[in-house]
Amino acid sequence: MTTRDLLATIRHASAPTRRAFLGALLLGVILPPLSAQAQSDWPWPEDVPSASSETPALAGGRPDIVRYLMARGASGELSPDGRQLAYVTGVTGEPQLWIVPVDGGFPRQLTFGRGVRSFRWVPDGSAIVYGADRDGNERQGYTRISADGLRETEVLPASEAFVVFGSFASDDEHFTYATTARNGVDFDIHVASLSSDEDRQVFEGSFGFFANAWQPNGDTVIVTETRGEDADDVYLLNASSGAISPLFKPEIAADYSRFVWDADGAGFYLLTNQDREYSALAYFELATESLRLLETPQADVETLAVFGDGRYVAWGINDGGYSRLQVRDLRTGRTLHAPGVLPRGVYNLSGAHHAPRLMVQVTGPRTPGDLWVWDVAAGETHAVVPASTAGLDRAAMVEPQSLYFEARDGVRLNGLLYLPNEIDGQGPRPPVVMMVHGGPTGQARPSFRAVTQYLVARGVAVFDLNFRGSTGFGKRFARLDNQRQRPNAVRDMADAVGFLRADGRVDAERVALMGGSYGGYLTNAGLGEFPDLFAAGVSFVGVSDWVRALEEASPALKASDRIEYGDINDPDDREFFRSISPINNVDRIKSPVLVIHGANDPRDPVTESDRFVQAIRDNLGQAQYLRFADEGHSISRLGNRVTAYTQVAQFLERHLGVD
C-alpha cells in the first residue's frame with residue numbers, strides 16, 4: 001500500500017481509528033520525517049510523472065487539451081542586415097533555434113540539443129550566440145553557432161554559476177556578461193572574447209549588477225543594479241579601466257530598461273518611469289548629461305527598437321493590456337502607425353540594425369506568437385513565421401473583456417474575463433477559474449494561454465486577475481503589495497470573487513484558483529485564508545514557507561527580494577514572513593489542490609511544494625502532486641506539458657462539476 005492509499009484509508013476510517021493513525025503520524029512512525037523528504041529524491045514515486053506521448057483527438061471534435069498545447073508560436077530577432085530572421089520555437093517538443101529568409105524561403109533548424117533559452121545575433125550577422133541550461137536549472141552556458149548552422153563553438157561553458165549575457169562591442173569579438181562564479185551569490189561583470197580564452201572581470205558587484213548595451217566604437221557599458229522587482233539604478237562602466245560612475249539613482253526607485261545607443265554613441269534611448277507613474281520613451285545625451293522625455297502617454301511604453309542605421313525608432317504602448325505600435329522617422333519627424341494587417345495582441349519588437357525593417361512578435365487570444373516583418377520604407381508587411389494553431393479554429397477562440405472593480409479598501413483592481421462563446425444569459429451560469437499571475441510584478445494581458453482557451457471551449461469561464469502589485473497600472477499600484485502590505489494581495493482574490501458574484505455572469509459558488517510562481521503562492525495562501533471560497537486550487541511552483549524560500553532563492557531573486565520583501569535576517573521581517581506563510585494554514589485547507597513543480601527550480605526550490613504537499617496530506621487533505629524530475633521553474637518540454645495540463649484539465653473539470 002502506498003502512502004497515498006494509506007491516507008485515503010485513514011480519511012474514510014472511523015473516528016477512533018483516525019485518532020490512532022494520527023498519533024502514529026505525529027510520532028513519525030508511518031511517514032518519513034520532513035528532513036528526509038526535503039532531499040532530492042521524493043519518497044513517493046507515484047508523484048513523479050513521466051512525459052506523455054498522448055496524441056490529439058480529431059480536429060474539429062470535442063475540445064482537446066493536447067491539441068491546444070500543440071499550438072506553438074515563436075520569438076525572434078532580425079539579423080543586422082534585415083535579411084534573415086532567427087527565432088526560437090518549441091514545435092519539436094523542445095525550444096530550438098531556427099532561421100528563415102525574410103523575403104521567402106524554407107526555415108532551417110539550427111540547434112538540436114538541450115532547449116534554447118536565449119540568443120543574440122553577433123553584430124556582423126555571421127553567427128548567433130545562444131544560451132541553454134540543464135533541465136530548467138537556469139544556469140545557462142553559451143555557444144556560438146554560424147548562421148548556416150554548420151559550425152558551433154562553446155563560448156561560456158555551463159557551470160554551477162548563474163550567467164546573464166550582456167552585449168557585444170563594435171569589434172564583433174568582445175562581449176560582456178554577468179556571473180556569480182566568484183562566490184555563488186553576487187553578480188560580477190566580465191568582458192570576454194568569442195574566439196579566444198580572454199576573459200577578465202572588470203567590475204566586482206554585490207547582489208544584482210548586470211551589463212546592458214555597449215557604446216558603439218567606445219568603451220562605455222550601461223550597467224543596471226537591481227532595486228526591487230520593478231526598478232533599477234543605472235551606472236556607466238568603462239570596459240577597459242573598470243571605472244564606474246552612477247547615472248540614475250533617484251530617491252524614489254524607478255525603472256530603466258530597453259537601452260539602445262544611437263549610431264554615433266552620443267547618447268541612448270531608453271524607457272523609464274523616473275518621476276512618473278508610467279514608463280516613457282526617453283533619450284539621454286552624454287555630452288550634456290541630460291535626460292529628455294520623447295513620448296509620455298498615460299500608459300506604459302513597454303518595448304523599443306531603433307533600426308535602419310538609427311533613422312527609425314519604434315515603440316509599443318500598453319493600452320489596456322493590448323499593445324499599440326508606433327514608429328517615428330527621425331529624418332522627417334513623421335510618425336508611422338502600425339499596419340492594419342497586424343492582429344491585436346501583445347507586441348515585442350526587434351529592428352534590423354542596417355535596414356528599415358522591424359519584426360513584430362504578436363501574441364494574443366487567437367495566436368500563440370506570429371512573427372511579422374514590416375518594411376517601413378517599402379510599406380510592406382507580411383507574416384514571416386505564422387504560429388501553428390494545431391488544427392484549432394482561431395475564430396472560435398475567445399477574446400477577454402477588461403473589467404474594473406474596487407477592493408475592500410477602495411483600491412481599483414482589474415481582471416480579464418473570458419466567457420464561453422455560447423453564454424447568452426439564458427442558460428446556467430458557467431463555473432470560473434480565477435488565474436493569478438506570477439511576479440508579482442507581472443500583468444494579466446490578452447495573450448495566448450492554451451489552458452485558458454481550452455477551458456472556455458469546455459464551458460468554463462476564466463477570470464485573469466490583476467491584483468495589487470501588478471504592473472501596467474502605474475508605479476504606485478505596482479508597489480501596493482511591497483513588504484508588510486503583502487497580505488492585501490491575498491484579500492484581493494476574495495474581493496474578486498465578491499465582484500464576480502455581484503456581476504452575475506458566472507457561477508461564483510463554483511470558483512477554482514490557479515496560479516504559478518508568485519501566483520502559486522497566492523493560490524496556496526488563498527486556499528488556507530479563505531477555505532470556503534474556492535472549490536479547488538492548482539498551484540505551480542509556488543512558495544509555501546517564505547522564510548525558507550527567501551533564504552534559498554536564486555542570486556538574481558535575492559538581489560530584488562531584499563527590497564521587494566525585506567531583510568530575511570532581520571528578526572521582525574523574519575517573523576512577519578513566517579506569519580504569512582501558507583504552510584501555517586494547511587490545517588484550514590478544505591479544497592482539493594493539485595501541486596506542480598520542477599525538481600530543478602532555482603527560484604522557488606522544489607522543497608517548497610514538497611513541504612506543502614506533505615503538510616496537507618499529514619492533515620488528511622487532498623493533495624495531488626506532479627513533481628517533474630527534468631524541469632525547473634516552468635514546464636517547457638511538450639511531453640511534460642501534455643502530462644501536466646491533461647491532469648490540470650481533468651482536475652478542474654472534476655471539481656467544478658463540468659461534464
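Predicted model: local features only at pLDDT ≥ 70, side-chain atom pairs only at ≥ 80, totals over all residues.
**Exercise 1. Describe the overall build of the chain.**

Step 1. The chain contains 13 helices and 36 strands; helices (H or I, at least four residues) and strands (E, at least two) are DSSP runs, numbered from the N terminus.

Step 2. The radius of gyration, taken over C-alpha atoms, is 25 Å, close to the 26 Å that the globule rule (2.2 Å times the number of residues to the power 0.38) gives for 659 residues, so the chain is as compact as a globular protein of that length.

Step 3. The C-alpha trace spans about 80 × 55 × 55 Å along its principal axes.

Step 4. Of the 659 residues, 60% are buried; buried means under 20% relative accessible area, exposed over 50%, and partly exposed in between (1.4 Å probe, protein chains only).

**Exercise 2. Classify the aromatic pairs Phe165–Phe168 and Phe463–Phe499.**

Step 1. Rings of Phe, Tyr and Trp (its six-membered ring) pair if their centres lie within 6.5 Å; planes under 30 degrees apart count as stacked, over 60 as edge-to-face and the rest as tilted. By this rule there are 30 aromatic pairs.

Step 2. The ring centres of Phe165 and Phe168 are 5.4 Å apart and the planes stand at 55°, so this pair is tilted. Both Phe165 and Phe168 are buried.

Step 3. Phe463 and Phe499 also form a tilted pair, with 6.2 Å centre to centre and 40° between the planes. This pair links distant parts of the chain, as Phe463 belongs to strand S32 (residues 461–466) and Phe499 to helix H7 (residues 487–503), 36 residues apart.

Step 4. Phe463 has 0% relative accessibility and therefore counts as buried. Phe499, at 18%, also counts as buried.

**Exercise 3. Determine the setting of Thr381.**

Step 1. Thr381 is located in strand S28 (residues 380–385).

Step 2. Its relative accessibility is 22%, so Thr381 counts as partly exposed.

Step 3. Beyond its neighbours within four places in sequence, Thr381 is in contact with Pro339, Val341, Leu342, Trp372, Val373 and Trp374.

Step 4. Ala338 is 43 residues from Thr381 along the chain, and their C-alpha atoms are separated by 9.7 Å.

**Exercise 4. Examine the backbone at Asn217, Glu289 and Pro440.**

Step 1. Most residues other than glycine have a negative phi, and most peptide bonds are trans.

Step 2. Asn217, although not a glycine, has a positive phi of about 55°. Asn217 lies in the loop between strand S13 (209–214) and strand S14 (220–226), and its 72% relative accessibility makes it exposed.

Step 3. Glu289, not a glycine either, has a positive phi of about 50°. Its loop runs between strand S19 (280–285) and strand S20 (290–295), and at 64% relative accessibility Glu289 counts as exposed.

Step 4. The peptide bond from Gly439 to Pro440 is cis, with omega near 10°. Pro440 lies in the loop between strand S31 (432–436) and helix H5 (450–457).

Note on methods. Residues numbered from 1 in each chain as written. Heavy atoms only, no water. Contact = heavy atoms within 4.5 Å.
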